[in-house]
Structures are given as C-alpha cells and as structure tokens.
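Try each task before turning to its solution.

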Amino acid sequence: MSRARRRLEEMDLTLPSPPAPAGAYRRAVEAAGLVFVAGQLPLVDGRMILQGVVGDGGLPVEEGREAARQCALNALGVLAAEGYDLDRTRIVRMTGYVASVDGFEGQAQVVDGASELMADVLGESGVHARVAVGVGSLPLGAPVELEVIATGER
Amino acid sequence: MSRARRRLEEMDLTLPSPPAPAGAYRRAVEAAGLVFVAGQLPLVDGRMILQGVVGDGGLPVEEGREAARQCALNALGVLAAEGYDLDRTRIVRMTGYVASVDGFEGQAQVVDGASELMADVLGESGVHARVAVGVGSLPLGAPVELEVIATGER
Amino acid sequence: MSRARRRLEEMDLTLPSPPAPAGAYRRAVEAAGLVFVAGQLPLVDGRMILQGVVGDGGLPVEEGREAARQCALNALGVLAAEGYDLDRTRIVRMTGYVASVDGFEGQAQVVDGASELMADVLGESGVHARVAVGVGSLPLGAPVELEVIATGER
C-alpha cells in the first residue's frame, strides 16, 4: 500500500471518488509538467457537507476549516482517479476561496484546513505556496472552493 | 482556412481584435511552455456588452452566460493576435469570476458559457480544468472576467 | 550591485524581509520552471500598512494603489529571500484581488500600483499578464492581495 493511502487509513479518511464536473470542463488537465485540478467544493457523495458564508452571523471558522479540508480530500481523490501516484504527487500551489461575511478577516485560518490535510497526507510534498481570499458567494452555496496546481506521475 | 476559423465562421462569430490592456501589463505572456492570457472582460469594440451583477435582482443567468462567452471569444482573439495557431492551441485551465448578488449559487452555469464556446471552437483541445467563483465587483462593472492558461505554438 | 537593487535604491525602496507565511504553507514553490509566490499582503514589518475596502465610502483608489505597490515589493522580497537573482527574474502573471465596496469598478487602477512597481524595478522583465478582480474581504483586513507567478534562477 502506498504511504499516502496508509496515512489516509490511519487518519480514518477514505479517498473519495471524484464528483462529476459541475459544468462543461474536465476535472484535471496536465500541461507543461503541471497538473491543474478543477475547483473543488466540499461535496461528499454529491452533496455539500456545509453551505453558507463564514464569519460573524454565518458559519464559524471551525466549520469553514472542515469544508476546506473536504475540498483538499476531493482534490486528492481527483488526482488518484486520474491515475496519479499520490506518493509521487507534489502540491505546488493552492488558492482557497472562502465565501465570507463582510469584514471577515480569517480566510487564512479557514484555508489552513486544506493546507494541513495536504501536509498530513503527503508530508513535505504536500506543502505548497498558497493564496487565500474572501469572496461573496460560491457555486452551489459552498463556503469554500479550492484550486490546486500539482506535479505528478502516472 | 484553419479548422478553428472555419468553425467560428459557421457559428457566425468574428474573432475580435483584442482590446488594449486596461493597465500597465501585457495581454499574454508565455513562460515554461504555458501561455498566460490577461483577464478578459466582455468587451466588444472597447465597450462592455453587459454591466452589473448576476443573480436575483441583477442580470439573469442567461445574460451572464453571454458575457462569459464574449470573454472566451476575446481570449481567443488575444491568442490569435499574439500569433498562436488556434488549431494547435489547447485551453488548459480557466478561472471565471462572476460578479454575483449575495447568495447567488449559479456561477458554474454562467462560466459554462465560456467553457462551451472553447469546446465548440477548438473541439477536444478546448476542454479544460476550471474554477468558477462569485465576486462582489469587477473592473469597469463587468459581470464576468475570465482568466485563461493555454498551450500553443506560433 | 544588481540592476534591480540599484533601481530600488534610486527609488528609495528597501527590499523587505519576507513576512512569515500566515498559515501552513511555503512562501514560494518552484515547479516545472515556474515560481509560484504565495499571496502577498501589504505588510511592513509584520503590520498591515492599510486596512479596509477600496471605493466610495472606503479607501480612495490612491491608497489602494499604495497597498498594491507594497504587495509587489513584498513579492520581490520573497523572491530575493528564496535566492532568486532579481536581474534574472521575470514576472509572468499576477492576479490582484482588491477588497472593494459594492459597485467599485476601479480594480485595474488599484492593481496598476503593483504592475508599475514591477516594471519600474525589473524593466521589461517586470511586465506581465494580469488579472484584477474585486472581492468582499481579504485576510487580516487587507485592501489588496497579490498573487505572482514568475520565472527565475538561483
């Protein structure tokens, strides 16, 4: 068993089968040595685990982190389903879009939920450059959307 | 005539001359085998075809789709003007930013307008990984802005 | 002394020591010939030089431009601290996220503050493809966040 899959098992996590794209696009495209993964939402079995905006009067940061973590797990699910060996996958850059109430300033803590999952599962190869921003709304009412650029081998 | 240009003609579309950058930057830069196209707005002859935010009380989804489609056409116009052969161009990743009213959840349908145009014009090479997010406002009041990463040959 | 550092001196600017990442990630990652710099905020010595949203009733465009300029300077600080020779660094693509009041349309002018700094310091190699969008809120209340993709040699 691969290191990454053993690690997921220890963490009691199952690699999800990637949800179908929510539109006219692919779940991942490789070009010029980089793998671009389509934006991931916190879906489990096709259903959003959380909906809403994060911040005062909305979802607490902790729930945002959980959503971000699920997005990261879904991105790993896409990479595995596309045939990439997770033990030879490196996460290069992630952008976390956090649906935020006006004035919310904690996007970095929310997106840490995704960043920490990547490091927990992939070790050093999971540590990436990152961008965290707050947006007004996301597809299907998701509190977080995650964009991942990786390198990998099939 | 190239396949892509024949296809545009069949669709009754004209490849636009790219609008000048709206600031101190280039319309496209190639590096490490990827072409990064500057953010495209739904401009035709220097004028925005639609302005406003998409969702209840704002623009209907169908108009957002039309704006997204124009952004995609403008991105193809940039690639052609930069000397790329559209028949050897591949769309790798697109990010669609949709100016959205609070609570709007249909960003994927809006950005499909851009994704479908790319597939219609370029075939398989037009199908890409994608990110769709909702934002509060965009330059010049645009309802959609589209960022494209491609590969191509001149 | 390098051309870039001489230019910074002439402009009376000091290359900042990069602030620590605000979460579980790296300040820059190189892969497939591209350097992805983590999202930069307008921090000086760990403190935000400006906070708030840009537009009517918020910060004036000129202050947004100043914040954008600081983000760009911080990105150069990261590249230098990571060992890249600024004279052989090329800025490929930048995305400027501007925290905006509803209906603000001047994101391009704000992000020009960052674009112009890059061109002033790096010359032709500082001119890039660009995306400017408006968002509701950013980490730590920043008015601008800047994402940079570059090429470089150490």
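Helices and strands are here DSSP runs, a helix having at least four residues and a strand at least two, and they are numbered from the N terminus. The model is a predicted one.

**Exercise 1.** Place Leu13(B) in its chain, and list what Leu13(B) touches beyond its sequence neighbours.

*Solution.* Begin with the elements on either side: Leu13(B) sits in the loop that runs between α1 (3-10) and β1 (28-31) of chain B. Next, leaving aside residues up to four places away in sequence, Leu13(B) touches Leu8(B), Arg69(B), Leu73(B) and Leu117(B). Finally, take a pair of C-alpha atoms: those of Leu13(B) and Ser100(B), which are 87 residues apart along the chain, are separated by 27 Å.

**Exercise 2.** Decide whether Val78(B) is buried or exposed, and describe the surroundings of Val78(B).

*Solution.* First locate the residue, which belongs to helix α2 (residues 61-81) of chain B. The cut-off for a buried residue is under 20% relative accessible area, and Val78(B), at 1% relative accessibility, therefore counts as buried. Setting aside residues up to four places away in sequence, the contacts of Val78(B) are with Pro18(B), Arg27(B), Ala28(B), Val37(B) and Gln40(B). As for distance, 9.8 Å separates the C-alpha atoms of Val78(B) and Ala20(B), although the two residues are 58 residues apart along the chain.

**Exercise 3.** Carry out the corresponding assignment for Gln70(A): is Gln70(A) buried or exposed, and which residues does Gln70(A) touch?

*Solution.* Gln70(A) is part of helix α2 (residues 61-81) of chain A. Its relative accessibility is 14%, so Gln70(A) counts as buried. When residues up to four places away in sequence are not counted, Gln70(A) touches Pro42(A), Leu43(A), Val44(A) and Ile49(A).

**Exercise 4.** Describe how α2(B) and α3(B) are packed, starting from their axes.

*Solution.* Two packed helices are described by the angle between their axes together with the distance between those axes. For α2(B) and helix α3 (residues 107-122) of chain B, the axes come within 7 Å and cross at roughly 40°. Because of this, α2(B) is oblique to α3(B), and the crossing in which α2(B) passes α3(B) is right-handed. On the side of α2(B), the residues in contact include Val61(B), Ala68(B), Arg69(B), Leu73(B) and Leu76(B), while those of α3(B) include Val110(B), Ala114(B), Leu117(B), Met118(B) and Val121(B). Sorted by class, the contact of α2(B) with α3(B) has 13 nonpolar, three polar and four charged residues.

**Exercise 5.** Work through the packing of α2 and α3 in chain C.

*Solution.* The axes of helix α2 (residues 61-81) and helix α3 (residues 107-122) of chain C come within 7 Å, with a crossing at roughly 40°. The two helices α2(C) and α3(C) are therefore oblique to each other, and α2(C) passes α3(C) in a right-handed crossing. Among the residues that make the contact are Gly64(C), Arg65(C) and Ala72(C) of α2(C), as well as Asp112(C), Gly113(C) and Glu116(C) of α3(C). By class, the residues of the contact of α2(C) with α3(C) divide into 13 nonpolar, three polar and four charged.

**Exercise 6.** Examine the backbone of Asp12(A) and of Asp45(B), and state the exposure of each residue.

*Solution.* Phi of Asp12(A) is near 65°, which is a positive value in a residue other than glycine. Asp12(A) is found in the loop between α1 (3-10) and β1 (28-31) of chain A, and is exposed, with a relative accessible area of 70%. Turning to Asp45(B), phi is near 50°, again a positive value in a residue other than glycine. Asp45(B) lies in the loop between β3 (43-44) and β4 (47-48) of chain B, and counts as exposed at 79% relative accessibility.

**Exercise 7.** Describe the contacts that chain A makes with chain C and with chain B.

*Solution.* Taking chain C first, 30 residues of chain A are in contact with 26 residues of chain C. The area buried between chain A and chain C is about 2100 Å², and carbon and sulfur atoms give 57% of that area. Of the area that chain A buries against chain C, 21% is supplied by Arg93(A), Glu105(A) and Arg130(A), more than by any other three residues.

For the other contact, 26 residues come from chain A and 30 residues from chain B. Here the area buried between chain A and chain B is about 2100 Å², with 57% given by carbon and sulfur atoms. In chain A, the residues that lose the most area to chain B are Arg26(A), Phe36(A) and Ser137(A), together 25% of what that side buries.

Terms used: Residues are numbered from 1 along each chain as its sequence is written. Chains are lettered from A and ligands numbered from 1 in the order in which they are written. This is a predicted model: local features need pLDDT of at least 70, side-chain atom pairs count only at pLDDT 80 or more; totals for chains, interfaces and linings use all residues. Side-chain values use heavy atoms; hydrogens and water are left out. Buried means under 20% relative accessible area, exposed over 50%, partly exposed in between (1.4 Å probe, protein chains only). Contact means heavy atoms within 4.5 Å. Axes are lines fitted to C-alpha atoms, for helices over the stretch in contact, and angles run from 0 to 180 degrees between N-to-C directions. Angles under 35 degrees count as roughly parallel, over 145 as roughly antiparallel, 65 to 115 as roughly perpendicular and the rest as oblique. A crossing is left-handed if the near helix is turned anticlockwise from the far one by less than a right angle, and right-handed if clockwise. Ala, Val, Leu, Ile, Met, Phe, Trp, Tyr, Cys and Pro count as nonpolar, Asp, Glu, Lys and Arg as charged, and the others, Gly among them, as polar. Buried area is the accessible area (1.4 Å probe) that two parts lose on being put together, summed over both.
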